[in-house]
Amino acid sequence: MARSTDNLIRELGDGLTPVRRIAEPNRLALLWLGCSVLIAAGLAVVFDMRAAMARLGSAADMWLAVLGSLLTAAFAAKAAFELAMPGRSRLWALLPLPGLLLWIGASGMGCLRTWATVGWDGHIHSECLMSIVGISAPLAVAMVVMLRRAFPLYPALTALVAGLACAAASATVLSLFHPADAAATDLAFHALAVAIVTAVLAASGRRLLRR
Amino acid sequence: MHAGVLSLAPGALRAAGTSSVDTRDQTDRRLGGLMASAQAGDRAAYDALLRDCVPFIRAAARRRGVPADAVDDAVQETLLTVHRARHTYDPARSFQAWLRTIADRRAVDLLRRQGRQRSREVHDDIAYETHPAATGEPVAAGLDGGLRRAVESLPEGQRQAVEELTLNDRSLAEASQVTGRSTGALKVNLHRALKTLRARLTGEEG
(Lines give C-alpha, C1' and ligand atoms only; values in the text may rest on other atoms or scores of the structure.)
Protein backbone atom coordinates (compact mmCIF):
# COMPACT_ATOMS: atom_id res chain seq x y z
CA MET A 1 0.00 0.00 0.00
CA ALA A 2 1.38 3.44 -0.89
CA ARG A 3 2.76 5.34 2.10
CA SER A 4 0.43 8.28 1.45
CA THR A 5 -2.64 5.97 1.41
CA ASP A 6 -1.43 4.55 4.70
CA ASN A 7 -1.18 8.07 6.12
CA LEU A 8 -4.63 8.98 4.82
CA ILE A 9 -6.16 5.93 6.53
CA ARG A 10 -4.46 6.99 9.77
CA GLU A 11 -5.75 10.57 9.38
CA LEU A 12 -9.29 9.39 8.63
CA GLY A 13 -9.12 7.17 11.71
CA ASP A 14 -7.94 10.16 13.77
CA GLY A 15 -10.94 12.13 12.53
CA LEU A 16 -13.47 9.34 13.20
CA THR A 17 -16.52 10.36 15.19
CA PRO A 18 -19.70 8.31 15.76
CA VAL A 19 -22.36 9.10 13.16
CA ARG A 20 -26.13 8.78 13.21
CA ARG A 21 -27.26 6.57 10.35
CA ILE A 22 -29.52 8.35 7.87
CA ALA A 23 -33.17 7.22 7.78
CA GLU A 24 -34.39 4.83 5.07
CA PRO A 25 -35.63 6.41 1.79
CA ASN A 26 -39.23 5.39 2.58
CA ARG A 27 -39.18 7.36 5.82
CA LEU A 28 -37.50 10.34 4.19
CA ALA A 29 -40.08 10.34 1.38
CA LEU A 30 -42.95 10.20 3.90
CA LEU A 31 -41.39 13.04 5.88
CA TRP A 32 -41.09 15.16 2.75
CA LEU A 33 -44.64 14.32 1.64
CA GLY A 34 -45.68 15.47 5.11
CA CYS A 35 -44.35 18.94 4.15
CA SER A 36 -46.73 18.92 1.17
CA VAL A 37 -49.63 17.93 3.43
CA LEU A 38 -48.75 20.83 5.74
CA ILE A 39 -48.88 23.25 2.82
CA ALA A 40 -52.20 21.72 1.69
CA ALA A 41 -53.57 22.08 5.23
CA GLY A 42 -52.49 25.71 5.27
CA LEU A 43 -54.24 26.39 1.97
CA ALA A 44 -57.39 24.54 3.17
CA VAL A 45 -57.83 27.24 5.80
CA VAL A 46 -57.91 29.91 3.09
CA PHE A 47 -59.79 28.21 0.23
CA ASP A 48 -63.38 27.01 -0.10
CA MET A 49 -62.82 23.24 0.02
CA ARG A 50 -66.44 22.24 -0.66
CA ALA A 51 -66.66 24.16 -3.93
CA ALA A 52 -63.34 22.69 -5.05
CA MET A 53 -64.45 19.12 -4.22
CA ALA A 54 -67.73 19.63 -6.07
CA ARG A 55 -65.85 20.74 -9.18
CA LEU A 56 -63.45 17.80 -8.88
CA GLY A 57 -66.34 15.37 -8.45
CA SER A 58 -67.97 16.45 -11.66
CA ALA A 59 -65.56 14.42 -13.81
CA ALA A 60 -63.95 11.06 -13.06
CA ASP A 61 -60.90 11.74 -15.21
CA MET A 62 -60.14 14.80 -13.06
CA TRP A 63 -59.78 12.50 -10.05
CA LEU A 64 -57.62 10.17 -12.10
CA ALA A 65 -55.38 13.11 -13.01
CA VAL A 66 -55.08 14.06 -9.32
CA LEU A 67 -54.33 10.42 -8.44
CA GLY A 68 -51.70 10.38 -11.19
CA SER A 69 -49.96 13.51 -9.92
CA LEU A 70 -50.12 12.22 -6.34
CA LEU A 71 -48.55 8.88 -7.33
CA THR A 72 -45.92 10.74 -9.37
CA ALA A 73 -45.05 12.91 -6.36
CA ALA A 74 -44.86 9.97 -3.94
CA PHE A 75 -42.86 7.66 -6.21
CA ALA A 76 -40.56 10.43 -7.47
CA ALA A 77 -39.80 11.40 -3.85
CA LYS A 78 -39.07 7.76 -2.96
CA ALA A 79 -36.90 7.42 -6.11
CA ALA A 80 -34.97 10.65 -5.38
CA PHE A 81 -34.05 9.46 -1.87
CA GLU A 82 -33.09 5.99 -3.17
CA LEU A 83 -30.84 7.65 -5.77
CA ALA A 84 -29.22 9.73 -3.03
CA MET A 85 -27.97 6.59 -1.23
CA PRO A 86 -24.74 5.02 -2.54
CA GLY A 87 -25.20 1.43 -3.68
CA ARG A 88 -28.78 1.77 -4.90
CA SER A 89 -29.66 1.18 -8.55
CA ARG A 90 -30.14 4.07 -10.96
CA LEU A 91 -33.20 2.22 -12.26
CA TRP A 92 -35.06 3.78 -9.32
CA ALA A 93 -35.35 6.83 -11.58
CA LEU A 94 -37.99 4.93 -13.58
CA LEU A 95 -40.29 4.43 -10.56
CA PRO A 96 -42.39 7.60 -11.08
CA LEU A 97 -43.10 6.76 -14.75
CA PRO A 98 -46.42 4.81 -14.29
CA GLY A 99 -47.87 7.64 -12.15
CA LEU A 100 -46.61 10.20 -14.65
CA LEU A 101 -48.29 8.34 -17.54
CA LEU A 102 -51.59 8.18 -15.60
CA TRP A 103 -51.30 11.91 -14.81
CA ILE A 104 -50.58 12.89 -18.42
CA GLY A 105 -53.16 10.44 -19.82
CA ALA A 106 -56.04 11.48 -17.53
CA SER A 107 -55.27 15.18 -17.99
CA GLY A 108 -55.18 14.68 -21.74
CA MET A 109 -58.53 12.87 -21.69
CA GLY A 110 -60.09 15.72 -19.72
CA CYS A 111 -58.61 18.20 -22.13
CA LEU A 112 -60.04 16.39 -25.15
CA ARG A 113 -63.50 16.09 -23.53
CA THR A 114 -63.67 19.80 -22.75
CA TRP A 115 -62.19 20.72 -26.11
CA ALA A 116 -65.02 18.82 -27.82
CA THR A 117 -67.79 20.55 -25.82
CA VAL A 118 -66.43 24.04 -25.05
CA GLY A 119 -63.48 24.61 -27.36
CA TRP A 120 -60.53 26.93 -26.72
CA ASP A 121 -61.31 29.17 -23.72
CA GLY A 122 -58.79 31.82 -24.73
CA HIS A 123 -57.68 32.63 -21.18
CA ILE A 124 -54.12 32.91 -19.97
CA HIS A 125 -53.91 30.85 -16.76
CA SER A 126 -50.75 32.42 -15.44
CA GLU A 127 -51.99 32.14 -11.83
CA CYS A 128 -51.73 28.32 -12.13
CA LEU A 129 -48.17 28.68 -13.29
CA MET A 130 -47.29 31.04 -10.46
CA SER A 131 -49.06 28.83 -7.88
CA ILE A 132 -47.25 25.66 -8.94
CA VAL A 133 -43.89 27.44 -9.01
CA GLY A 134 -44.67 29.15 -5.67
CA ILE A 135 -45.73 25.94 -3.88
CA SER A 136 -42.77 24.07 -5.39
CA ALA A 137 -40.20 26.51 -3.97
CA PRO A 138 -40.47 25.53 -0.26
CA LEU A 139 -40.86 21.87 -1.23
CA ALA A 140 -37.69 22.08 -3.34
CA VAL A 141 -35.76 23.71 -0.49
CA ALA A 142 -36.87 20.94 1.91
CA MET A 143 -36.01 18.27 -0.67
CA VAL A 144 -32.53 19.67 -1.38
CA VAL A 145 -31.73 19.97 2.35
CA MET A 146 -32.82 16.36 2.93
CA LEU A 147 -31.00 15.03 -0.14
CA ARG A 148 -27.79 16.77 0.91
CA ARG A 149 -27.99 14.93 4.25
CA ALA A 150 -27.71 11.74 2.18
CA PHE A 151 -24.94 11.38 -0.43
CA PRO A 152 -26.15 11.69 -4.05
CA LEU A 153 -23.47 10.27 -6.31
CA TYR A 154 -25.61 11.01 -9.39
CA PRO A 155 -26.52 14.64 -8.62
CA ALA A 156 -28.04 15.55 -12.00
CA LEU A 157 -30.31 12.47 -12.18
CA THR A 158 -31.28 12.79 -8.51
CA ALA A 159 -32.15 16.46 -8.99
CA LEU A 160 -34.23 15.71 -12.09
CA VAL A 161 -36.34 13.16 -10.22
CA ALA A 162 -36.52 15.46 -7.17
CA GLY A 163 -37.73 18.30 -9.40
CA LEU A 164 -40.47 16.06 -10.78
CA ALA A 165 -41.51 15.18 -7.21
CA CYS A 166 -41.75 18.88 -6.25
CA ALA A 167 -43.70 19.80 -9.39
CA ALA A 168 -46.09 16.85 -9.04
CA ALA A 169 -46.69 17.52 -5.33
CA SER A 170 -47.46 21.19 -5.90
CA ALA A 171 -49.72 20.36 -8.86
CA THR A 172 -51.59 17.87 -6.61
CA VAL A 173 -51.99 20.45 -3.84
CA LEU A 174 -53.11 23.09 -6.33
CA SER A 175 -55.62 20.77 -8.03
CA LEU A 176 -57.39 20.21 -4.70
CA PHE A 177 -58.10 23.94 -4.33
CA HIS A 178 -58.18 25.13 -7.88
CA PRO A 179 -59.14 22.13 -10.05
CA ALA A 180 -58.07 22.66 -13.61
CA ASP A 181 -61.16 23.03 -15.74
CA ALA A 182 -59.34 20.85 -18.25
CA ALA A 183 -59.33 23.53 -20.89
CA ALA A 184 -56.36 23.20 -23.19
CA THR A 185 -54.79 26.49 -22.08
CA ASP A 186 -55.15 25.59 -18.39
CA LEU A 187 -53.48 22.21 -18.89
CA ALA A 188 -50.81 23.77 -21.05
CA PHE A 189 -49.95 26.15 -18.21
CA HIS A 190 -49.92 23.25 -15.73
CA ALA A 191 -47.55 21.33 -17.99
CA LEU A 192 -45.39 24.43 -18.47
CA ALA A 193 -45.18 25.01 -14.71
CA VAL A 194 -44.24 21.36 -14.07
CA ALA A 195 -41.62 21.53 -16.83
CA ILE A 196 -40.15 24.78 -15.41
CA VAL A 197 -39.88 23.42 -11.85
CA THR A 198 -38.38 20.12 -13.01
CA ALA A 199 -35.94 21.82 -15.39
CA VAL A 200 -34.78 24.41 -12.85
CA LEU A 201 -34.02 21.77 -10.23
CA ALA A 202 -32.41 19.44 -12.77
CA ALA A 203 -30.21 22.26 -14.11
CA SER A 204 -29.04 23.39 -10.68
CA GLY A 205 -28.84 19.87 -9.25
CA ARG A 206 -25.22 19.21 -10.11
CA ARG A 207 -24.18 22.30 -8.11
CA LEU A 208 -26.72 21.88 -5.29
CA LEU A 209 -26.25 18.17 -4.68
CA ARG A 210 -22.66 17.48 -5.71
CA ARG A 211 -20.74 15.74 -2.90
CA MET B 1 -4.01 -5.92 7.85
CA HIS B 2 -6.96 -8.26 7.48
CA ALA B 3 -6.75 -11.04 4.93
CA GLY B 4 -7.51 -9.56 1.49
CA VAL B 5 -10.38 -11.91 0.58
CA LEU B 6 -11.72 -9.10 -1.60
CA SER B 7 -8.70 -9.28 -3.86
CA LEU B 8 -9.34 -12.90 -4.88
CA ALA B 9 -9.28 -13.29 -8.65
CA PRO B 10 -12.75 -13.81 -10.20
CA GLY B 11 -11.52 -17.08 -11.73
CA ALA B 12 -10.61 -18.40 -8.31
CA LEU B 13 -14.07 -17.51 -7.05
CA ARG B 14 -15.75 -19.35 -9.94
CA ALA B 15 -13.55 -22.42 -9.52
CA ALA B 16 -14.44 -22.72 -5.88
CA GLY B 17 -18.16 -22.86 -6.78
CA THR B 18 -20.78 -22.47 -4.07
CA SER B 19 -18.25 -22.20 -1.27
CA SER B 20 -16.80 -19.08 -2.90
CA VAL B 21 -20.25 -17.49 -2.85
CA ASP B 22 -20.41 -18.26 0.86
CA THR B 23 -16.95 -16.75 1.31
CA ARG B 24 -17.99 -13.66 -0.57
CA ASP B 25 -21.13 -13.35 1.54
CA GLN B 26 -19.09 -13.84 4.70
CA THR B 27 -16.64 -11.18 3.57
CA ASP B 28 -19.49 -8.81 2.79
CA ARG B 29 -21.05 -9.44 6.20
CA ARG B 30 -17.71 -9.00 7.94
CA LEU B 31 -17.04 -5.70 6.17
CA GLY B 32 -20.60 -4.56 6.85
CA GLY B 33 -20.07 -5.40 10.53
CA LEU B 34 -16.82 -3.41 10.58
CA MET B 35 -18.59 -0.41 9.06
CA ALA B 36 -21.42 -0.68 11.58
CA SER B 37 -18.80 -0.59 14.35
CA ALA B 38 -17.05 2.34 12.66
CA GLN B 39 -20.37 4.21 12.52
CA ALA B 40 -20.47 3.82 16.29
CA GLY B 41 -16.94 5.29 16.53
CA ASP B 42 -14.78 2.11 16.73
CA ARG B 43 -11.38 3.28 15.47
CA ALA B 44 -9.79 -0.20 15.18
CA ALA B 45 -12.70 -1.53 13.12
CA TYR B 46 -12.53 1.52 10.86
CA ASP B 47 -8.81 1.15 10.31
CA ALA B 48 -9.23 -2.55 9.42
CA LEU B 49 -12.16 -1.76 7.13
CA LEU B 50 -10.37 0.97 5.16
CA ARG B 51 -7.31 -1.24 4.69
CA ASP B 52 -9.50 -4.09 3.42
CA CYS B 53 -11.23 -1.68 1.03
CA VAL B 54 -8.00 -0.66 -0.73
CA PRO B 55 -7.55 -3.73 -3.02
CA PHE B 56 -11.25 -3.63 -3.88
CA ILE B 57 -11.05 0.08 -4.83
CA ARG B 58 -7.87 -0.51 -6.83
CA ALA B 59 -9.63 -3.24 -8.81
CA ALA B 60 -12.65 -0.98 -9.42
CA ALA B 61 -10.39 1.88 -10.62
CA ARG B 62 -8.48 -0.38 -12.99
CA ARG B 63 -11.75 -1.84 -14.31
CA ARG B 64 -12.92 1.70 -15.08
CA GLY B 65 -9.72 2.38 -17.03
CA VAL B 66 -7.91 4.64 -14.56
CA PRO B 67 -4.21 4.74 -15.63
CA ALA B 68 -1.79 2.93 -13.31
CA ASP B 69 -0.12 6.18 -12.14
CA ALA B 70 -3.50 7.61 -11.07
CA VAL B 71 -4.86 4.55 -9.26
CA ASP B 72 -3.54 5.78 -5.89
CA ASP B 73 -5.37 9.09 -6.39
CA ALA B 74 -8.60 7.18 -7.15
CA VAL B 75 -8.08 5.03 -4.03
CA GLN B 76 -7.55 8.08 -1.81
CA GLU B 77 -10.48 10.03 -3.18
CA THR B 78 -12.70 6.98 -2.69
CA LEU B 79 -11.49 6.58 0.89
CA LEU B 80 -12.26 10.25 1.58
CA THR B 81 -15.76 9.77 0.13
CA VAL B 82 -16.28 6.60 2.19
CA HIS B 83 -15.42 8.69 5.25
CA ARG B 84 -17.88 11.47 4.37
CA ALA B 85 -20.65 9.10 3.28
CA ARG B 86 -20.32 6.56 6.10
CA HIS B 87 -23.65 7.62 7.65
CA THR B 88 -25.47 6.38 4.51
CA TYR B 89 -24.41 2.75 4.87
CA ASP B 90 -27.22 0.49 6.05
CA PRO B 91 -25.78 -2.67 7.74
CA ALA B 92 -28.79 -4.66 6.48
CA ARG B 93 -27.48 -4.20 2.92
CA SER B 94 -24.41 -5.26 0.97
CA PHE B 95 -21.31 -3.30 1.91
CA GLN B 96 -19.54 -4.19 -1.33
CA ALA B 97 -22.40 -2.81 -3.46
CA TRP B 98 -22.22 0.43 -1.45
CA LEU B 99 -18.44 0.67 -1.84
CA ARG B 100 -18.52 -0.31 -5.53
CA THR B 101 -20.82 2.60 -6.42
CA ILE B 102 -18.57 5.07 -4.62
CA ALA B 103 -15.37 3.63 -6.12
CA ASP B 104 -16.88 3.64 -9.63
CA ARG B 105 -18.10 7.23 -9.33
CA ARG B 106 -14.78 8.52 -8.04
CA ALA B 107 -12.92 6.69 -10.82
CA VAL B 108 -15.23 8.25 -13.43
CA ASP B 109 -14.84 11.70 -11.83
CA LEU B 110 -11.06 11.33 -11.90
CA LEU B 111 -11.06 10.30 -15.57
CA ARG B 112 -13.31 13.24 -16.48
CA ARG B 113 -11.08 15.66 -14.59
CA GLN B 114 -7.99 14.29 -16.32
CA GLY B 115 -9.75 14.65 -19.68
CA ARG B 116 -10.63 18.27 -18.93
CA GLN B 117 -7.09 19.05 -17.75
CA ARG B 118 -5.61 17.54 -20.89
CA SER B 119 -7.89 19.63 -23.07
CA ARG B 120 -6.78 22.80 -21.23
CA GLU B 121 -3.05 22.08 -21.24
CA VAL B 122 -0.91 23.99 -23.74
CA HIS B 123 1.67 22.36 -25.96
CA ASP B 124 4.90 21.46 -24.15
CA ASP B 125 7.07 23.85 -26.21
CA ILE B 126 4.87 26.78 -25.29
CA ALA B 127 4.73 25.61 -21.69
CA TYR B 128 8.52 25.59 -21.46
CA GLU B 129 8.74 29.09 -22.89
CA THR B 130 6.15 30.59 -20.62
CA HIS B 131 6.35 28.59 -17.39
CA PRO B 132 8.35 30.54 -14.77
CA ALA B 133 9.97 27.37 -13.47
CA ALA B 134 11.54 26.72 -16.89
CA THR B 135 14.46 28.98 -15.96
CA GLY B 136 15.28 26.66 -13.08
CA GLU B 137 14.49 29.43 -10.64
CA PRO B 138 11.81 28.47 -8.12
CA VAL B 139 8.63 30.50 -8.19
CA ALA B 140 9.19 31.19 -4.49
CA ALA B 141 12.16 33.44 -5.32
CA GLY B 142 9.89 35.85 -7.18
CA LEU B 143 7.39 36.34 -4.36
CA ASP B 144 6.93 39.85 -3.08
CA GLY B 145 7.22 40.55 0.64
CA GLY B 146 3.49 40.70 1.40
CA LEU B 147 2.67 37.34 -0.17
CA ARG B 148 5.78 35.74 1.33
CA ARG B 149 4.79 36.91 4.82
CA ALA B 150 1.22 35.72 4.29
CA VAL B 151 2.44 32.26 3.22
CA GLU B 152 4.87 32.07 6.15
CA SER B 153 2.12 32.91 8.62
CA LEU B 154 -0.08 29.98 7.48
CA PRO B 155 -0.47 26.94 9.77
CA GLU B 156 2.23 24.30 9.21
CA GLY B 157 0.18 21.90 7.04
CA GLN B 158 -1.23 24.65 4.81
CA ARG B 159 2.17 26.33 4.40
CA GLN B 160 3.77 23.05 3.36
CA ALA B 161 1.03 22.40 0.80
CA VAL B 162 1.47 25.87 -0.79
CA GLU B 163 5.26 25.67 -0.78
CA GLU B 164 5.55 22.19 -2.22
CA LEU B 165 2.68 22.17 -4.69
CA THR B 166 2.72 25.75 -5.89
CA LEU B 167 6.04 27.40 -5.17
CA ASN B 168 8.36 24.42 -5.60
CA ASP B 169 6.21 23.08 -8.44
CA ARG B 170 6.09 19.51 -7.15
CA SER B 171 3.45 16.97 -8.20
CA LEU B 172 1.02 15.66 -5.58
CA ALA B 173 2.94 12.38 -5.36
CA GLU B 174 6.30 14.16 -4.94
CA ALA B 175 4.92 16.57 -2.35
CA SER B 176 3.44 13.61 -0.51
CA GLN B 177 6.86 11.92 -0.44
CA VAL B 178 8.58 15.09 0.79
CA THR B 179 6.08 15.99 3.51
CA GLY B 180 4.93 12.51 4.49
CA ARG B 181 1.32 13.70 4.20
CA SER B 182 -1.32 11.96 2.08
CA THR B 183 -2.28 13.49 -1.29
CA GLY B 184 -5.82 13.89 0.04
CA ALA B 185 -4.56 15.88 3.06
CA LEU B 186 -2.33 18.00 0.76
CA LYS B 187 -5.31 18.84 -1.47
CA VAL B 188 -7.44 19.83 1.50
CA ASN B 189 -4.60 21.92 2.99
CA LEU B 190 -3.91 23.67 -0.33
CA HIS B 191 -7.59 24.51 -0.74
CA ARG B 192 -7.76 25.93 2.80
CA ALA B 193 -4.49 27.82 2.35
CA LEU B 194 -5.65 29.49 -0.87
CA LYS B 195 -8.89 30.49 0.83
CA THR B 196 -6.98 31.97 3.79
CA LEU B 197 -4.49 33.77 1.53
CA ARG B 198 -7.27 35.20 -0.63
CA ALA B 199 -9.07 36.51 2.45
CA ARG B 200 -5.90 37.97 3.99
CA LEU B 201 -4.53 39.57 0.85
CA THR B 202 -7.81 41.09 -0.28
CA GLY B 203 -8.34 42.28 3.29
CA GLU B 204 -4.92 43.95 3.33
CA GLU B 205 -5.37 45.55 -0.03
CA GLY B 206 -8.95 46.60 0.50
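Let's start in the largest pocket, which is lined by 41 residues, with Asp73(B), Glu77(B), Arg113(B), Leu172(B) and Lys187(B) lying nearest its centre. Keep in mind as you look around that this is a predicted model. The space inside the largest pocket comes to about 1400 Å³.

Which helix gives the most to the lining of the largest pocket? That is α5(B), with nine residues. Other helices take part too: α1 of chain A and, in chain B, α4 (71–84), α5 (95–120), α8 (156–167), α9 (172–179) and α10 (183–205) each supply at least two residues of the lining. Sorted by class, the lining has 18 charged, 13 polar and 10 nonpolar residues.

The size of an interface is often given as the accessible area lost when the parts come together. Here chain A and chain B bury about 3400 Å² between them, and 57% of that area is on carbon and sulfur atoms. On the chain A side, Leu12(A), Leu16(A) and Arg21(A) lose the most area to chain B, together accounting for 18% of what that side buries. In terms of residues, 34 from chain A and 44 from chain B make up the contact.

Now for the polar side of the story. Across the interface, 13 residue pairs are in polar contact, counting pairs with both residues at pLDDT 80 or more. Helix α1 (residues 3–14) of chain A provides the largest share of the side that touches chain B, namely 12 residues. By class, that side of chain A has 15 nonpolar, 12 charged and seven polar residues.

How many salt bridges are there between chain A and chain B? The count is two. In one of them, the side chains of Asp14(A) and Arg43(B) meet with an N to O distance of 2.7 Å. Arg51(B) also forms a salt bridge, with Asp6(A), where the closest N and O atoms are 2.4 Å apart. This pair runs from helix α3 (residues 43–63) of chain B, which holds Arg51(B), to helix α1 of chain A, which holds Asp6(A). Over all chains, the model has 15 salt bridges.

Technical notes: Residues numbered from 1 in each chain as written. Chains lettered and ligands numbered in written order. Predicted model: local features only at pLDDT ≥ 70, side-chain atom pairs only at ≥ 80, totals over all residues. Heavy atoms only, no water. Contact = heavy atoms within 4.5 Å. Buried area = accessible area lost by both parts, 1.4 Å probe. Salt bridge = Lys/Arg side-chain N within 4 Å of Asp/Glu carboxyl O. Polar contact = N/O pair within 3.5 Å; in protein donor to acceptor, adjacent residues only side chain to side chain. Helix = DSSP H or I, 4+ residues; strand = E, 2+ residues; numbered from the N terminus. Nonpolar A, V, L, I, M, F, W, Y, C, P; charged D, E, K, R; others polar. 1 Å grid on protein atoms, 1.4 Å probe; cavity = no way out; pocket = protein on both sides within 12 Å on 5 of 7 lines; lining within 4 Å. Points joined across faces, edges and corners; volume = space filled by probe spheres on them.
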